[in-house]
Amino acid sequence: MKNFKLHGVVLLLVIIAELIGIHKFQLGVGVVVLLPMLYALIFGIFLAPKFLKVVNKVDMQDAGSLLGITLMLLMARYGTLVGPTLPKIISASPALILQEFGNLGTIFLGVPLAMYFGLKRETIGAAHSIAREPNVALIGERYGLDSAEGRGVMGVYISGTVFGTIFFGLMASMAAAYLPFHPYALAMASGVGSASMMTAAVGSLSAMYPQMSDQLVAFGAASNMLSGLDGLYMAIWVALPLTERMYKHIYKFKYGAYPTGEDAAK
Amino acid sequence: MKTYNMLETLIILVIVGIMSLIGNTIGSKNGFVEAIPGLLILIAIALVGIAMGKYLPGGIPGVAYVVTLGCILTYPGVPGADFINACMKKVGFLALCTPILAYAGVSIGKDLDAFAHSGWRIVVLSCVIFVGTYLGSAVIAQVILKYLGQI
């Protein structure tokens with residue numbers, strides 16, 4: 001907290017990153033968006049003793065332990081984004097509400113793959129959700145972002161921030177072209193709790209079905225609002241416990257015994 | 001993990017608030033002074049939410065209280081909601097992300113080897129996770145819409 005050098009360094013990073021500003025460019029069929037937070041992250045990494053040697057071990061540890069609290073300010077803003085949309089969310093159709101449980105699909109695909117890759121506690125952070133801001137805040141509060149779980153959630157968060165938009169745009173067009181889904185179902189699925197990912201997915205669908213465009217955008221936006229509201233509660237009470245259980249059983253299957261010590265749930 | 005008492009928490013929130021304020025002024029068209037009320041409200045919501053998570057029984061994480069408080073205070077019709085919404089318009093969501101990711105970047109320097117070790121795996125895993133949530137939701141929506149006769 002009293003590490004003034006750290007705060008000074010971070011302030012400089014913020015100023016530089018914001019001065020560079022947002023940049024967008026076309027890549028193939030999608031748009032890649034570079035945000036100030038991404039520059040701040042990358043420049044921050046390059047200050048490490050391995051590269052520029054601006055920060056030392058204590059600075060890095062202090063930064064890690066502060067992260068959980070800094071995220072709360074963002075979460076307060078997040079709540080104020082969701083609040084005004086609540087009346088619309090409450091009037092959503094049953095299809096919109098029930099498809100929210102589909103977001104748990106990440107666990108059934110993600111946990112086995114993560115553990116096949118040899119990840120251990122990273123799995124919990126990485127595979128319990130698509131790792132948007134509330135999930136990062138939750139993992140940060142429960143395990144600390146400088147833990148293995150924290151590395152997992154940060155890894156997926158960063159991947160999503162860098163290429164999530166383009167990936168969702170592509171995935172929506174592929175699903176519409178090759179899978180037997182109605183465009184309405186795909187539009188509802190697009191709302192995963194990230195406005196940019198949803199916009200990219202719905203944008204692709206609208207381009208393919210221009211006559212349905214208004215309806216697709218409405219479903220996408222409503223579903224995204226819903227995910228923004230239920231994502232955190234679902235993570236706390238359903239997704240994280242489910243991920244822990246699957247982790248435990250796959251761990252036993254793979255390593256022959258239930259996880260203990262560092263690998264066990266905390 | 002190091003824990004902070006409420007006074008330390010407040011000081012950290014204020015430090016990050018000031019940084020967000022500066023970033024918000026540079027990166028958006030919002031003025032420095034007009035964003036101050038919004039940031040003060042955010043600091044208050046965060047502080048109360050963290051305290052509730054810490055002291056209320058039930059083991060519900062502070063983050064859940066923080067988000068819920070933010071929702072309630074801005075719900076249309078709640079006294080003061082219009083004022084808070086107007087204040088919030090001056091505080092960009094992205095401007096709040098920048099200082100956090102700067103701290104995250106500095107902190108990641110410590111675990112660079114661990115990140116490098118799991119790097120490509122996490123990227124592949126991320127793609128599979130995105131596919132999982134998308135197809136999971138699409139299957140359910142398709143079944144329900146069909147059942148309701150809406151498609």
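**Cavities, pocket and chain contact**

The search comes to 3 cavities of 30 Å³ or more. Please keep in mind that this is a predicted model. As a reminder of the approach, rolling a probe the size of a water molecule over the atoms shows where empty space is left.

I will take the largest cavity to begin with. It holds about 230 Å³ of space. Its lining is made up of 22 residues, and those nearest the centre are A:N103, A:S129, A:N135, A:V192 and A:G231. Which helix supplies the largest share of that lining? It is α12 of chain A, with 8 residues. Helix α12 covers residues 213-255, and along with α8, residues 133-143 of chain A, it is one of the elements that supply at least two lining residues each. Sorted by class, the lining of the largest cavity has 10 nonpolar, 10 polar and 2 charged residues.

Now the second largest cavity, where the space is about 70 Å³. Residues from both chains line it: from chain A, L67, L71, L74, E133, V136, L145, M154 and Y157, and from chain B, C97, I100, L101 and A104. In terms of elements, two or more residues each come from α3, α8 and α9 (148-178) of chain A, and from α5 (93-108) of chain B. The most comes from α5 of chain B, which gives 4 residues. By class, this lining has 11 nonpolar residues, no polar ones and 1 charged.

Next, the open space. The largest pocket has a volume of about 1200 Å³. A total of 48 residues line this pocket, with A:S194, A:A195, A:S196, A:M197 and A:T199 nearest its centre. Helix α11 of chain A, residues 195-208, gives the largest share of the pocket lining, 8 residues.

On to the contact between the chains. Chain A puts 114 residues into it and chain B puts in 92 residues. The area buried between chain A and chain B is about 8900 Å², and 82% of that is given by carbon and sulfur atoms. How many salt bridges are there between chain A and chain B? The count is 0. Polar contacts between the two chains do turn up, in 16 residue pairs with both residues at pLDDT 80 or more. On the side of chain A that touches chain B, the element that gives the most is helix α3, residues 57-82, with 23 residues. That side of chain A divides into 79 nonpolar, 25 polar and 10 charged residues. Helix α3 of chain A has already come up, as one of the elements lining the second largest cavity.

Last, the salt bridges. Over all chains, the whole structure has 5 salt bridges. One pair to look at is A:K120 with A:D263, where the closest N and O atoms are 3.5 Å apart. A:K120 is in the loop between α6 (105-116) and α7 (122-127) of chain A, and A:D263 is in the segment after α12 of chain A, so the pair ties together parts that are 143 residues apart in sequence.

Terms used. Residues numbered from 1 in each chain as written. Chains lettered and ligands numbered in written order. Predicted model: local features only at pLDDT ≥ 70, side-chain atom pairs only at ≥ 80, totals over all residues. Heavy atoms only, no water. Contact = heavy atoms within 4.5 Å. Buried area = accessible area lost by both parts, 1.4 Å probe. Salt bridge = Lys/Arg side-chain N within 4 Å of Asp/Glu carboxyl O. Polar contact = N/O pair within 3.5 Å; in protein donor to acceptor, adjacent residues only side chain to side chain. Nonpolar A, V, L, I, M, F, W, Y, C, P; charged D, E, K, R; others polar. 1 Å grid on protein atoms, 1.4 Å probe; cavity = no way out; pocket = protein on both sides within 12 Å on 5 of 7 lines; lining within 4 Å. Points joined across faces, edges and corners; volume = space filled by probe spheres on them.
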